Amino acid sequence: MSGEGVVDSGGREFERVSDELRARMADGVYPLGTLMPPQRVLARELGVSRDTVQRVLKVLRNEGWIESRQGSGSRVIKMQRIHSSGTKAARPAQAVTLRSFINDAFEAPLVTLDVYTLTSESLDAHIRMQAERIRDREISPDRIAVRMLLPSEELRLPYPRTKDDPADLRLQNRLHEITKRHSASLREALRDLRTDDLVPAVDIGIRHVPLVPTFKLYLLNGNEALHGPYEVIERTIELDDGAEVVALDVLGLGATLTHYEREDDPNSPGTVFVGSMQSWFDSIWDMLAQ
């Protein structure tokens, strides 16, 4: 399908393409220092117009993911960094990505994934990737259990917000809509696996906590943790109505994550960290159930 002949559906297509390209850069599909595919190729592959691709690339430049030069294309200058002192540190640097950790976690018979995050969009993308692997018979877990902690919608979050007008709630309303959309999407992806008899047992739970996330946390099968602080940045955000606002925002995909894993030594830093963060997550989860 040619990108030139596509009529986009508006803000959702823009967000979908933005999320997809950020994920590809964060996961090393487009490695650091390399050129991204030409706009016409991206438009055709992603099923959108070249105008949408141009708008997305403008946002990615503002966020510091890419730099563009006339006649030279767009070069990747940022990716998600993951520091690991465990067994995965022996992998090539380009292989140590969030996708690689989640891929490994889903190869276990019993998959447990506990996530504390600002929104559900990154997790939705990864869950859908794993669902495709299951449908392709690449992996076949017996049980998948996903728990996610999100900030309460009643909170007035310090980010995202309009830089010069903290009382402007358009960006927070936009954040809530994005979260609702991706939460529904990942629920559907997991439930379809159970409905189609591809995974015998699937559990998905989402609870809203009255805390502002200052860090992102993934707990994988109770044995590994990925943890990193959110970095507040200034960027331009385009709203559904086409208006542009200068915002103070955080990008989870751009955060540096540190990887920890349990070891045989119960007093090792990795074992202590994973255990303490799992206990913290469980305590918050149980508190919200009361």
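Modeller: Helix α4 (residues 98-105) and helix α5 (residues 121-135) pack with their axes 11 Å apart, at an angle of about 45°. Axes here are lines fitted to C-alpha atoms, for helices over the stretch in contact, and angles run from 0 to 180 degrees between N-to-C directions. Helices (H or I, at least four residues) and strands (E, at least two) are DSSP runs, numbered from the N terminus. This is a predicted model, where local features need pLDDT of at least 70 and side-chain atom pairs count only at pLDDT 80 or more, while totals for chains, interfaces and linings use all residues. Residues are numbered from 1 along each chain as its sequence is written, and side-chain values use heavy atoms, with hydrogens and water left out.

Back to the pair: α4 and α5 are therefore oblique to each other (under 35 degrees counts as roughly parallel, over 145 as roughly antiparallel, 65 to 115 as roughly perpendicular, and the rest as oblique).

Who touches whom? On the α4 side you have L98, R99, I102 and N103, and they meet H126, M129, Q130 and R133 in α5. Contact means heavy atoms within 4.5 Å. Sorted by class, that contact has three nonpolar, three polar and two charged residues (Ala, Val, Leu, Ile, Met, Phe, Trp, Tyr, Cys and Pro count as nonpolar, Asp, Glu, Lys and Arg as charged, and the others, Gly among them, as polar).

Now zoom in on I102, which sits in helix α4. I102 counts as buried because its relative accessibility is 1% (buried is under 20% relative accessible area, exposed over 50%, partly exposed in between, with a 1.4 Å probe and protein chains only). Leaving aside residues up to four places away in sequence, I102 touches H126, Q130 and Y218. I102 and L123 are 21 residues apart in sequence, yet 9.9 Å apart in space, C-alpha to C-alpha.

For contrast, look at another helix pair. The axes of α2 (residues 39-46) and α3 (residues 50-62) come within 9 Å and cross at roughly 110°, so α2 and α3 are roughly perpendicular to each other. Here too, α2 passes α3 in a right-handed crossing. Q39, R40, L42 and A43 of α2 make that contact with R50, V53, Q54 and L57 of α3.

Definitions and conventions:
Left-handed = near helix turned anticlockwise from the far one by under 90°.
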